[in-house]
Amino acid sequence: MILIKTAIALGSNLGDSLATIKSAIKTLDKTPGISVKSYSSCYQTAAVGPPQPDYINACAILEVELEAQQLLATLLEIEAKFGRQRREKWGPRTLDLDLLLYDNLILETPPLVLPHPGMIERAFVLVPLAEIAPDWVHPVTGSTIAELVNSVDCSEVRKLIS
């Protein structure tokens with residue numbers, strides 16, 4: 001069985017977001033074909049999009065036995081279990097799970113683009129990811145996550161003490 005190293009982002013801004021993130025990490029680790037290898041601290045960030053509460057964000061490194069599309073489907077199922085409803089783009093959510101990196105795979109197919117197309121512009125993704133995978137090389141830019149985090153404004157990303 002081949003294990004693939006992947007990176008995901010977790011976010012929540014409805015309900016007890018901190019508890020949701022922690023519970024989602026436990027759920028991921030109990031999911032067949034997924035093993036959580038590490039996860040970042042949680043960070044509070046201002047929401048992007050319509051007016052809504054701040055987000056709690058984190059990242060996790062997983063080892064998976066799943067193909068990329070299978071992993072995406074599994075992440076969407078877990079979101080649904082946590083009450084995720086897709087009503088408006090960038091709207092508030094109980095849980096958001098984004099597949100950021102799948103080893104060094106570059107893929108452009110609906111509904112999956114890898115690496116995640118917006119990750120290199122988003123401090124709320126790069127800050128927690130740099131905490132746990134600073135040396136991971138982004139397969140498109142050739143830059144490490146540590147280098148990418150230095151290229152974005154991180155002033156609105158606040159680490160939570162938990």
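**View 1. The face of helix α1 turned away from its buried side.** This face carries Lys26 and Lys30, both exposed (exposed means over 50% relative accessible area, buried under 20% and partly exposed in between, with a 1.4 Å probe and protein chains only). The model is predicted: local features need pLDDT of at least 70 and side-chain atom pairs count only at pLDDT 80 or more, while totals for chains, interfaces and linings use all residues. Residues are numbered from 1 along each chain as its sequence is written, and side-chain values use heavy atoms, with hydrogens and water left out.

**View 2. The buried side of α1.** Ser17, Thr20, Ile21, Ala24, Ile25 and Leu28 are the buried residues of α1. They lie on the same side of the helix, because they cover an arc of only 135° around the axis (the arc of the directions from the helix axis to the C-beta atoms). An α-helix has 3.6 residues a turn, so residues three or four places apart point the same way. These buried residues pack against β1 (4-12), β2 (34-39), β4 (55-64) and α2 (68-81), contact being heavy atoms within 4.5 Å. Helices (H or I, at least four residues) and strands (E, at least two) are DSSP runs, numbered from the N terminus.

**View 3. The buried side of α2.** Buried in α2 are Ala68, Leu71, Leu72, Thr74, Leu75, Ile78 and Glu79. Their arc around the axis is only 160°, which puts them on the same side of α2. The packing partners of the buried α2 residues are β1, α1, β2, β4, β5 (96-102) and β7 (112-114).

**View 4. The residue just after α2.** Gly83 takes a positive phi of about 85° here.
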